[in-house]
Amino acid sequence: SYHVDRPALGGSIYNLLRPAPTLSEVPQSPLLLLFLTSILLTCILVFLDGSHDNEPRLDFAISLAKIHGARLTGVDVNSAAAFEGEWSERAKMVGELFEAEAREAGVSFRLRMADRASMGWKNLYAHYADLLIATQPNAEASGMILPAVPEEVLMSAGVPMIVLPHRWKSRTATENIVIAWSPSSQATRAVQHLLFLPQLPH
């Protein structure tokens with residue numbers, strides 16, 4: 001065991017250099033997936049969509065941006081199907097909601113629209129961020145968001161990501177920390193980076 005002088009991280013931590021559960025199988029606590037990079041939080045990217053998970057995800061991202069004085073980038077990842085049926089009104093409002101809440105919080109922000117014709121992760125602006133925030137894959141969002149979010153982005157972009165559980169509500173994010181460990185130098189480096197990561201919002 002080890003001691004961290006301040007609350008640092010919440011959720012379960014998976015070393016992606018070894019096989020891990022799919023994102024739909026993770027425990028119901030905020031999930032932080034680490035690559036072998038230390039985080040200097042100057043730019044945080046949050047994915048935006050028309051789901052009911054969008055608002056708590058945005059609140060979490062704004063809180064984190066305020067703590068670290070980071071610029072917040074919102075990327076609209078609604079698929080074309082999201083603009084039909086019950087998702088339609090929420091999907092149309094994600095950009096306006098993002099800008100209004102970020103402005104009210106006094107956070108530096110920018111809004112980007114993902115290319116809905118693109119099936120890959122490379123056009124989702126992930127390379128320009130220090131940290132990504134998404135929601136666990138779930139049946140509600142299936143087909144309604146671009147298919148690269150979040151799993152393909154996570155596995156390919158090389159940027160750390162916090163994955164919030166489906167239907168997650170804002171609450172203390174530092175109650176339980178779990179490390180999936182392998183006896184390797186890569187795992188040791190990942191945990192060392194963990195110890196110096198800034199604290200998450202409560």
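Predicted model: local features only at pLDDT ≥ 70, side-chain atom pairs only at ≥ 80, totals over all residues.

User: How many bridges join S6 to S7, and in which sense do the two strands run?

Analyst: Strands are DSSP runs of E with at least two residues, helices are runs of H or I with at least four, and both are numbered from the N terminus. Two strands pair if DSSP finds at least two bridges between them. Here S6 and S7 (residues 161-164) run parallel and are joined by 4 bridges. S6 also pairs with S3 (residues 43-48), again in the parallel sense, over 3 bridges, and there Ile44 has Leu131 as its bridge partner in S6.

User: Why can S6 be called largely enclosed?

Analyst: A residue is buried under 20% relative accessible area, exposed over 50%, and partly exposed in between, with a 1.4 Å probe and protein chains only. In S6 (residues 131-135), 5 of the 5 residues are buried, so the strand is largely enclosed by the rest of the structure.

User: What covers the two faces of a strand, and which residues lie on each side in S6?

Analyst: In a regular strand the side chains alternate between the two faces of the sheet. In S6, Leu131, Ile133 and Thr135 lie on one side and Leu132 and Ala134 on the other, and all of them are buried.

User: Which helix makes a β-α-β unit with S6 and S7?

Analyst: A crossover is right-handed if, with the strands pointing away from the viewer, the path from the first strand over the helix to the second runs clockwise. S6, helix H3 (residues 151-157) and S7 make such a right-handed unit.

User: How many residues does the largest nonpolar core have?

Analyst: A nonpolar core is a set of buried Ala, Val, Leu, Ile, Met, Phe, Trp, Tyr and Cys residues joined through side-chain atoms within 4.5 Å. The largest has 26 residues, and those with the most contacts inside it include Leu132, Val153 and Met161. S3, S6, H3 and S7 are the elements that give two or more residues to this core. Apart from it lies another core, of 20 residues, among them Ile44 and Leu131.

Technical notes. Residues numbered from 1 in each chain as written. Heavy atoms only, no water.
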